[in-house]
Amino acid sequence: MTACGLQQNVTESGIEFSRGKKSGEETTSDRVAIDEKEANSLVKMGDATITIHAGLDSKEFGKVLAHEMGHGAYRLNNKAKAFFYPADPNKKGHDKGNPDGEAATNAGLQYNSNYKAAKRSLEEEKKKTKPKQ
Ligand SMILES: [Zn+2]
């Protein structure tokens with residue numbers, strides 16, 4: 001990711017973003033406060049690749065995919081915050097309190113819950129359609 005001229009300041013009231021003030025075609029060293037939407041627009045992301053072990057069974061494959069999509073959704077919707085989050089690259093978004101990892105974990109948990117509900121629903125449907133003896 002790159003973020004041309006974007007800066008983040010953490011204050012008592014929260015996170016503030018700023019960029020260089022424009023003067024014609026030039027960007028000056030003066031700073032202009034911007035909202036998160038504009039800050040997000042300044043962060044350019046490269047393509048992302050998700051690699052999932054082909055040996056996983058379908059349930060685990062789906063769970064890992066949901067987890068990784070949780071990371072992707074968070075980063076796409078919070079580009080500026082994700083760009084500046086003081087993360088340890090070895091933890092891949094799972095530093096304590098990092099909302100990126102929390103979004104991924106929650107997506108995995110949601111998948112598990114949906115999977116169980118779908119399985120229960122299928123079993124109930126099977127019982128209903130089972131011929132009576
Ligand atoms: Zn993760």
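User: How many residues lie between β2 and β3 in their hairpin?
Analyst: This is a predicted model, in which local features need pLDDT of at least 70, side-chain atom pairs count only at pLDDT 80 or more, and totals for chains, interfaces and linings use all residues. Residues are numbered from 1 along each chain as its sequence is written. Helices (H or I, at least four residues) and strands (E, at least two) are DSSP runs, numbered from the N terminus. With that in hand, β2 and β3 form a hairpin, and the number of residues between them is 2.

User: Which residue of β3 is the bridge partner of Gln8?
Analyst: Strands pair if DSSP finds at least two bridges between them. For β2 and β3 there are 5 bridges, in the antiparallel sense. In one of these bridges, Gln8 has as its partner in β3 the residue Phe17.

User: Which glycine in the turn between β3 and β4 has a positive phi?
Analyst: β3 and β4 pair in the antiparallel sense over 6 bridges, with Ala33 of β4 as the bridge partner of Ser18. These two strands form a hairpin with 2 residues between them. In that turn, the residue with a positive phi of about 70° is Gly24.

User: Which strands are the edges of the sheet?
Analyst: The open sheet has 3 strands in the order β2-β3-β4, with antiparallel pairing. From one strand to the next, the twist averages 35°. An edge strand here pairs on one side only, and that describes β2 and β4.

User: Is Ser13 buried or exposed?
Analyst: Ser13 sits in the loop between β2 (7–11) and β3. The test counts other C-beta atoms, placed from the backbone, within 10 Å of a residue's own: 20 or more is buried, 12 or fewer is exposed, and anything in between is partly exposed. Because Ser13 has 6 such atoms, it is exposed.

User: At what angle do helices α2 and α4 cross?
Analyst: Two packed helices are described by the angle between their axes and the distance between the axes. Axes are lines fitted to C-alpha atoms, for helices over the stretch in contact, and angles run from 0 to 180 degrees between N-to-C directions. The axes of α2 (residues 58–77) and α4 (residues 99–129) come within 7 Å and cross at roughly 145°.

User: How many nonpolar residues does the contact of α2 with α4 have?
Analyst: Residues are in contact if their C-beta atoms, placed from the backbone, lie within 7 Å. Among those in this contact are Ala66 and Tyr74 of α2 and Ala103 and Tyr111 of α4. Ala, Val, Leu, Ile, Met, Phe, Trp, Tyr, Cys and Pro count as nonpolar, Asp, Glu, Lys and Arg as charged, and the others, Gly among them, as polar. By class, there are 8 polar and 5 charged residues, and the nonpolar count is 10.

User: How far apart are the centres of domain 1 and domain 2?
Analyst: The protein is divided into domain 1 (1–44) and domain 2 (49–133), with bounds from an automatic or database domain assignment. Their contact takes 10 residues from domain 1 and 5 residues from domain 2. Taken over C-alpha atoms, the separation of the two centres is 32 Å.

Definitions and conventions:
Two residues are in contact if their C-beta atoms, placed from the backbone, lie within 7 Å.
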